[in-house]
Each structure stands twice: as C-alpha cells, then as structure tokens.
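Take a look at the model below. We will walk through it piece by piece.

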Amino acid sequence: MRHAVFKLFSKEPLHDPTADPAPGARRETKTTTCYMCACRCGIRVHLRDGKLRYIDGNPNHPINKGVICAKGSAGIMKQQSPARLTRPLLRKAGSERGAGEFEPISWARAFDILATRLATIRATDPRQFALFTGRDQMQALTGLFARQFGTPNYAAHGGFCSVNMAAGMIYTIGGSFWEFGGPDLERAKLFVMIGTAEDHHSNPLKIAIGDFKRRGGRFISINPVRTGYSAIADEWIPIRPGTDGALFMALLHELIASDLVDHAFLKRYTNAPQLVVLDEGEREGMFAHDPDPGKGPPGDGRHPHNKLIYDTASRTIKAAYPEGIEEGCDPALAGTYALADGTRVAPSFQLLRDRVAPCTPEWATAITGIDADRIRKLAGELGDTALQQAFELPIAWTDAWGTRHATTQARPVAFHAMRGLAAHSNGFQTVRALAVLMSVLGTIDRPGGFRHKAPYPRHIVPNFRAFNSPDMIQPNTPLNAAPLGFPANPDELAIEADGTPMRIDHAFSWEHPLSAHGLMHTVITNATRGDPYRLDTLLIFMSNMAWNSTMNTVAVREMLNRRNADGEHEIPFLVVCDAFQSETVAFADLVLPDTTYLERHDVMSMLDRPISEFDGPADSVRVPVLPPTGECKPFQEVIVELASRLKLPAFTTAEGTRKFKDYPDFVVNFEPQPGIGFLMGWRGKDGDQHLRGAPNPKQWEMYANNDCVFHLKLPETMHYMRNWNREYLDFAKDKGWRQKNDVVQLALYSDTLQSFRLAAQGKTAGRRPPEHLRERIATYFDPLPFWYAPLEDAVTDRAAYPLAAITQRPMAMYHAWDSQNAWLRQIHSHNYLHVNPVTARAAGIADGGWCWVESRWGRVRCMLRCSEAVEPGTVWTWNAIGKGEGAWHLAPGADEARKGFLLNHLISDELPTDNGPISNSDPVTGQAGWYDVRVRIRPAGPDEPAETSPRFAAAAE
Ligand code: SF4
C-alpha cells in the first residue's frame with residue numbers, strides 16, 4: 001500500500017498494461033471448436049504454462065470469422081467449474097435415486113459393470129437397452145453403436161427440440177434451416193424472421209444480420225416476444241403463440257389471389273402442376289401415373305418419375321418428365337381434367353388454391369391477433385420483393401434435364417424460423433406452410449432466398465429408412481437398418497403386426513409416424529409403464545431429464561425412482577454420463593464423468609451435423625487443448641470401449657480382436673462406405689485427397705494445423721438451384737452424400753402424407769392404424785398444409801386459462817449448461833415471468849411482485865417483470881435458469897434454486913384421450929408441444945414466502 005501511495009507521486013505508471021505479467025512463462029495458442037452452445041465457432045485457446053488463460057474467436061474460421069460471444073469467452077469458467085464430475089460413481093447400496101449418494105469407483109469397475117450387463121441384454125433381448133443422448137454432436141457414432149448393438153431404442157434430443165422444423169422442411173423442400181440451409185442475407189432485400197429469438201446459428205446470424213442492415217436491408221421480426229435478434233428489427237409484428245400457420249395460410253391466400261407467385265418456378269421445379277387423382281379409391285389424392293409398366297411404378301415419395309401434367313399448349317395430358325418440361329410445353333396450374341380412362345384429376349396447385357381460398361386475412365386476424373391490413377401489406381411486400389425486385393447473377397448452370405441457363409435468377413426474400421414454429425403440436429403443418437410459402441415465391445436455393453448447405457438437399461423423401469420389422473431385432477445381431485430414418489409410407493413404420501410400437505418411445509408408430517428424431521421426452525414415462533415393454537438399462541448422455549429437458553418434471557422425477565411390487569426400480573438400471581453434476585446425475589445408478597469440450601477429440605461430421613457453408617461443404621473437429629480433469633473420459637471413448645468389449649462387428653476385426661485403439665483411431669479408420677469416413681478433409685494415405693479417399697493416419701494432425709476446419713469451396717456453377725443442378729447432383733452422388741442423382745422437386749403437395757391418410761381411411765390394402773388412431777391420422781396427415789389449434793386447446797378451458805406461456809433461450813446461457821458458470825451466472829442468476837403491463841395490471845400484480853402461474857397441470861410461484869416487449873396474451877421466461885437445490889454445485893439458497901423457476905412444472909408430458917393418455921406432441925412427428933400450455937396468473941398472498949415453489953430437497957454433494 002505504502003508502495004502504491006509512493007508511486008502515485010512518482011513518474012512511473014501505477015500499472016503498465018503492456019508489461020509481461022509472467023516473464024519467462026511458456027505461452028501457447030491452440031485452435032479448436034467452441035461448444036458453449038451448438039453453433040460451433042472456431043476459437044483460440046490461450047495457455048500460459050499449460051494453464052487456460054483466456055479464449056477468443058478464431059479470425060480464420062468460416063463460421064464466426066473471429067467473433068466470440070459471452071458464452072464462448074466464459075468457457076474458462078466451465079473448465080474450472082466446481083460442479084465438474086471427476087470420477088465414476090456408483091449409487092450407494094440402499095440409497096434412494098435422487099438423493100445423490102454415491103461411492104467413487106474405478107473405470108475398470110464401471111466398464112465391467114456396464115459391459116457385463118449390456119452383453120447379457122444383447123444376447124437375450126437387445127431392445128432392453130436404450131441409449132438417448134442430449135445436445136451432443138456425435139450422433140453418427142452413438143447411432144452406429146445402437147445399430148450395431150441391435151437396439152431400436154436410440155435417439156438424440158431432436159424430438160423435444162425442433163424435429164418439426166427439420167421434418168416439415170425436408171419433406172417439402174429437401175432441406176432445412178441451420179446446419180442444412182439458411183437465409184442468404186448477403187443478397188436478400190427483405191428478411192422475415194419468425195419464431196426465432198436467439199438461435200443455434202448464433203454468431204454467423206448476428207454477423208449476417210448486421211451486414212444485411214448496413215446494406216439497407218429490411219428486417220421484419222414476427223414473434224410473440226421481442227427478444228434476441230428482434231432488438232434490431234425494423235419492425236416487430238407480435239403474434240399469438242401457435243398461430244404462425246394461420247398467418248402463412250393467409251399470406252398464401254393473398255399471394256395466390258393477387259397472382260404474386262413465381263409461375264415458371266412452380267411449373268418446372270415443384271410438383272404444383274402434377275395431376276392428383278380426385279376420384280375416390282385407393283389412388284385418391286395420390287399423383288396420377290401412366291399405367292404402362294415400362295414407365296415405372298406410380299410416382300410417390302420414393303419414386304418421383306412417373307407422374308402426369310396437363311399441357312395447356314397442346315391441350316393434352318403428358319408425362320411430367322421429360323415431356324412436361326420440354327420447350328413449348330405449358331403445364332397447367334389450375335383447372336380439373338380427365339385422364340383417358342375418365343379418372344378426374346387436377347394439378348396439385350389447384351388443390352392448394354382451393355385450400356387457401358377461405359384463409360383470408362380477416363380469418364387469420366381472429367387467430368393470430370395481427371391486423372388484416374398488416375397481413376395484406378406483408379403479402380404485398382413479400383411478393384413485390386421476390387418478383388419485382390428480382391435480379392440476375394451472371395452465373396451459368398445446367399439443370400437436371402440438360403438445359404443450360406446463362407444466368408441465375410435471384411429472389412431476394414429470405415426467411416428464418418426455428419423453435420417458435422416447431423415446438424407446438426401443430427408445428428409440422430405450420431412449417432410445411434412456411435416451406436410452401438417460400439416455394440411459391442420461388443426463393444428456394446436462389447440468391448437472396450433460402451440456400452442449402454451440403455450434404456443437402458436430400459431426396460424427398462430422404463433415402464434413410466428406419467428399421468420397420470420386428471424380425472430385424474435379434475440377439476447378438478446388428479439392426480439391418482438405422483434406428484432413425486424418414487418413412488415414406490405406412491410400410492416403413494416400426495410397428496408389430498398388430499400395430500403396437502416397436503420402440504420404447506413409440507417413434508415411427510401410428511402415434512407419431514414421421515418421428516425422424518425419435519421422442520426422447522416419452523422414454524421415462526413409457527419405460528416406467530412398460531409400454532410397450534420394459535427396459536433393463538437406460539443410458540442417458542448429456543441430457544437433464546430430471547429437470548429442464550423434460551415436461552412435467554415433478555412426475556418424471558418420481559418415475560425415475562418408482563419401484564414395482566418386488567421393490568425393484570421400474571427402470572432397473574440408469575446410467576448417466578455428463579461432465580457436470582446436473583439434477584439428473586443424482587438419480588443415476590452409475591455415473592460416468594465426461595470431459596469438457598476443451599479436453600477431447602470431437603468431429604462435426606458430414607455423416608451427422610457438419611458446418612457446411614452455402615458455397616461448399618465444411619466439417620470441423622475439436623482437439624484436446626487441455627488434459628482431462630481428474631479421471632474424466634470422453635463419452636466417445638466410452639462408446640468405443642464398450643463396443644470393443646461387446647465385440648460389435650464394426651468395432652471388431654475378422655480375428656475377433658479390437659479394431660480401434662481409441663476414438664481418434666476410429667475416426668481416422670472407420671469407413672461406412674469405401675473412401676468415406678467421419679472426416680472428409682485430407683483423406684488418402686498422404687492427405688492429398690478430399691471428400692473421398694483412403695484413411696490418412698495424419699488426418700487429425702492436418703485438421704489441427706488448419707484451424708480444426710476443412711472447407712471446400714465449390715465452383716459458382718454449383719452454388720444455386722441444387723435441387724435441380726445437374727453438376728451438383730452428380731457431384732453429391734459421387735461423394736456419397738446422396739444415393740441417387742435424381743432431381744428434388746419441391747413437394748407443395750405431399751403424397752407421402754396422403755398415403756398415411758388413405759391407410760387411415762381404409763382405402764388401401766396393407767397396414768392400417770388401430771381403430772382409435774384412425775381419425776387422428778386421417779386429420780393430421782393432410783397432403784396440403786393447414787392450420788389447426790394446438791391439441792392442448794381441446795382439453796383446456798381457454799376461458800379459465802386465457803394466456804399462452806412460452807420460454808426463450810437467453811443469449812448468455814445455453815439451456816442448463818451454464819448454471820455453474822461463475823461469469824454467466826452474474827448475468828442471469830434467476831429469472832422472471834415477463835408479462836405485458838396491461839395483463840399484469842388486470843391481474844393485480846405489481847412489477848417485481850411475486851405471483852402464481854397456474855395451468856391445468858400444475859402451478860409455479862415466481863417473480864413478475866412488466867415488459868412492453870411481449871404481446872398481451874402471452875407470458876414468458878428464460879429457459880432453464882431455475883435449478884434444483886444442491887445441483888450444479890450451487891451454494892445452499894442460491895438464487896437459481898430460491899428465486900429462479902422452471903416453467904416445465906406447468907406442462908404435461910401427456911394429454912388425456914378416450915383411449916388413455918398420449919404424448920403431448922405433434923401427431924405427425926412427435927415433436928414435444930412445449931409452447932402449447934395455457935395459463936393464468938394471480939398475485940401471491942402477502943404471507944407467502946418470497947421464494948419459488950415448487951422446491952426440492954437438496955441432493956447430496
Ligand atoms: S455462439 Fe456458441 S459456439 Fe459461438 S462462441 Fe458463442 S457459445 Fe461458442
């Protein structure tokens with residue numbers, strides 16, 4: 001102190017910021033990939049004497065170009081979190097699940113316990129092992145493990161996240177937002193973001209929106225809440241939750257009525273002109289076809305070719321390909337016609353026109369709360385920008401039928417959407433409606449519109465079929481199809497002969513036929529109930545199923561600990577692998593401590609979820625920049641070790657020995673097809689081949705020396721129109737991204753959906769839904785998009801529960817991951833219920849006051865914050881800020897457990913029906929209906945404690 005005072009009067013600086021604080025220290029900077037959220041930015045990790053000092057963005061990385069967010073730079077505090085798990089743990093004999101009482105064990109013992117148990121299951125009934133993973137980025141590995149094990153009971157978190165977005169778009173345009181496509185803001189003039197706040201594609205979208213605004217682009221945000229990116233929108237259009245589909249239908253109504261549609265695009269690149277059978281019978285609603293056997297099977301989701309159009313130039317019915325697209329042919333988009341045998345048919349666009357005819361802006365106003373004139377104006381803006389402000393790029397390309405186009409046409413209207421649309425039980429058809437809206441404007445894979453990213457576009461329907469027969473599940477035998485896929489018709493469902501689901505989560509059953517990502521949110525309920533059978537071992541990786549990753553949290557926690565009449569747990573063995581002491585860890589029988597993202601190898605693979613850009617494929621890796629903490633082991637290593645011990649064929653040599661030393665060795669040498677591996681860069685013995693080539697023993701080193709990323713820029717001739725771009729389609733097939741080089745015609749009308757409807761109506765031979773699900777399938781498997789009220793509305797008194805309740809992801813935290821992060825907790829240590837002042841006043845609750853939020857299913861006490869940035873019929877809060885007492889190593893009485901709250905307590909995981917409960921999910925895809933819940937609010941009593949309710953007993957440390 002004396003020294004400092006003395007220095008005050010000296011000429012020496014008090015502190016020299018340029019001085020080396022640790023002269024002689026060893027300094028290193030290593031590059032790897034961030035995992036503080038799912039965006040996968042490139043980062044530089046700065047070390048001093050091997051210790052982590054700070055993290056910044058990597059300027060050479062194509063995703064973030066050096067930008068880093070608060071979460072990314074706070075990775076240092078994740079690394080040093082006191083909540084880290086550091087040793088394998090076994091639940092103490094006699095202790096209750098949830099109490100969190102464990103004894104440390106060695107990895108040798110942990111592997112012995114697990115491998116012995118799994119070997120017995122695999123030799124008897126492989127279905128009794130279920131592997132469900134959370135927000136991981138290694139589904140190519142975990143999916144392979146499940147398939148090789150022989151269990152169908154595998155999925156990641158997509159069913160409770162955004163499968164409606166993925167499936168709704170992929171079944172319509174062959175691609176989806178985020179990893180597989182996105183808005184081309186570099187060339188767009190109008191950007192409409194709907195149902196998105198803060199996003200997966202975080203830094204790149206921020207950079208792109210900033211540049212877009214600087215170029216003078218117009219940004220409209222449509223959302224019940226104005227948070228996240230909407231802060232810089234030119235206009236915020238508030239909308240009621242779950243009603244976006246009605247807005248899209250009204251916009252389609254206006255665009256079609258005003259003839260603001262891209263006729264040429266619709267005729268050539270979509271199924272809009274293809275003729276649909278109108279007569280009753282087994283082909284009703286399917287595409288008409290030429291019965292000549294030489295023309296191939298009738299066109300359907302798997303066989304796109306044999307379809308018909310009506311040519312208005314020659315006034316004849318023609319094959320859709322190739323005659324229907326020949327010079328001089330003008331396929332009809334309207335009218336009804338008759339085939340030679342008298343069958344009545346109509347272009348599918350006529351059916352769409354009929355469908356949207358009653359969906360006027362006034363009709364939509366009553367549903368969405370958006371003024372009819374504003375809807376009309378928005379339709380005009382969309383149509384005008386797409387069609388009148390269009391321009392050409394001097395980029396030549398050749399279409400799938402050999403026609404050379406001298407330029408590429410831009411359609412400068414870009415959309416972006418995500419979970420706000422998806423997380424409703426009407427989300428699939430809502431997303432379909434958005435994809436159809438984008439298609440009629442001609443914005444698909446064109447400059448300024450939506451653009452694909454490799455390996456997309458996929459075929460519609462993608463050629464990934466899930467297993468579909470009970471015979472495929474045999475002891476000690478891999479499944480002969482993947483556990484997950486994209487069904488194209490009822491024959492591809494995973495059901496028993498009597499229609500019973502074959503999977504524990506009921507995915508690919510008549511309950512949720514197109515559940516491409518599985519239904520993780522149903523596993524615990526179904527397994528506890530033994531529906532359709534009992535499990536033995538449930539392995540959960542990186543998902544907080546006893547807290548924020550589950551609906552109806554209180555009941556799920558009880559189920560995890562439920563015992564049968566013999567005193568055995570209904571789910572006999574629960575294994576949890578995580579890096580942190582989450583609420584779910586406390587319920588485990590066996591805990592496996594994972595590493596952090598800074599301590600392990602990881603791949604963002606083309607076989608899974610790559611980081612491709614619009615201009616070409618890209619994948620990336622993580623490499624360890626720090627040694628594992630304690631005895632932590634990467635989950636990938638656990639999987640490779642278990643697969644080797646169980647002698648799963650893909651992990652075992654012909655001589656019966658272990659094939660891969662460890663996970664890095666697996667990544668380099670495993671090839672699902674000759675020349676194709678988990679990583680596509682630097683292949684070939686010497687690393688001089690890309691995309692396809694023999695394994696390269698130095699591949700990891702080459703990625704590490706190249707900022708951990710491989711990005712191949714394709715020639716401009718392959719940048720656009722990739723659904724129909726001959727050069728790209730051939731290239732994609734050659735590189736193994738697609739099985740065929742077929743065109744991907746946009747499915748405005750879905751014959752896939754119609755095939756399920758026909759089965760439900762009893763009009764086709766073959767598989768039919770059980771009686772109690774027929775009406776459900778016939779209603780929701782509509783081949784054209786439509787809006788219906790979320791299913792919860794039918795079982796809830798809207799007058800008693802007049803408000804919608806939703807959550808938003810905070811910018812500073814990624815779900816539950818950061819509750820233990822000392823820096824980020826300073827931004828959010830507890831959450832509020834955000835309510836419009838008008839609504840709060842009407843309920844008699846003051847800003848900052850305690851209140852009760854009640855739904856039909858439960859109630860929560862929390863603090864209210866008035867906000868103009870929410871429409872009056874909606875209340876909302878940040879997701880996953882509230883925490884269980886004692887979890888995440890939080891101090892007793894921490895804000896997160898005392899003042900923070902979880903909205904999940906208000907949401908039911910099931911809805912009642914006359915035939916018993918059914919998952920509270922989209923009837924098409926099984927997407928969890930998180931945002932459908934209806935609530936009311938009232939002030940907390942003056943004598944009630946100023947803390948949240950419900951609260952839970954603390955788990956042991
Ligand atoms: S956006 Fe996500 S991946 Fe990128 S720096 Fe932030 S936390 Fe990391």
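Which residue is the bridge partner of Thr31 in S2? The partner is Arg44. This is a predicted model, where local features need pLDDT of at least 70 and side-chain atom pairs count only at pLDDT 80 or more, while totals for chains, interfaces and linings use all residues. Residues are numbered from 1 along each chain as its sequence is written, and side-chain values use heavy atoms, with hydrogens and water left out.

Now widen the view. Strand S2 covers residues 42-48, and seven bridges join S1 to S2 in an antiparallel run. Strands (E, at least two residues) and helices (H or I, at least four) are DSSP runs, numbered from the N terminus. Two strands pair if DSSP finds at least two bridges between them. Strands of a sheet pair through backbone hydrogen bonds, either parallel or antiparallel.

The open sheet here has three strands in the order S1-S2-S3, with antiparallel pairing. S1 (27-33) and S3 (51-57) each have a single partner strand, so one side of each lacks a neighbour in the sheet.

Another open sheet of three strands runs S26-S27-S28, also with antiparallel pairing. Its edge strands are S26 (602-604) and S28 (709-711), and each pairs on one side only. Strand S27 (residues 618-622) is joined to S28 by three bridges. Ser620 stands opposite Val709 in S28.

Next comes the ligand. Its surroundings include Cys34, Met36, Arg40, Lys71 and Asn203; a residue counts as near if one of its heavy atoms lies within 4 Å. Helix H2 (70-73) and helix H7 (202-214) each supply at least two residues of this shell.
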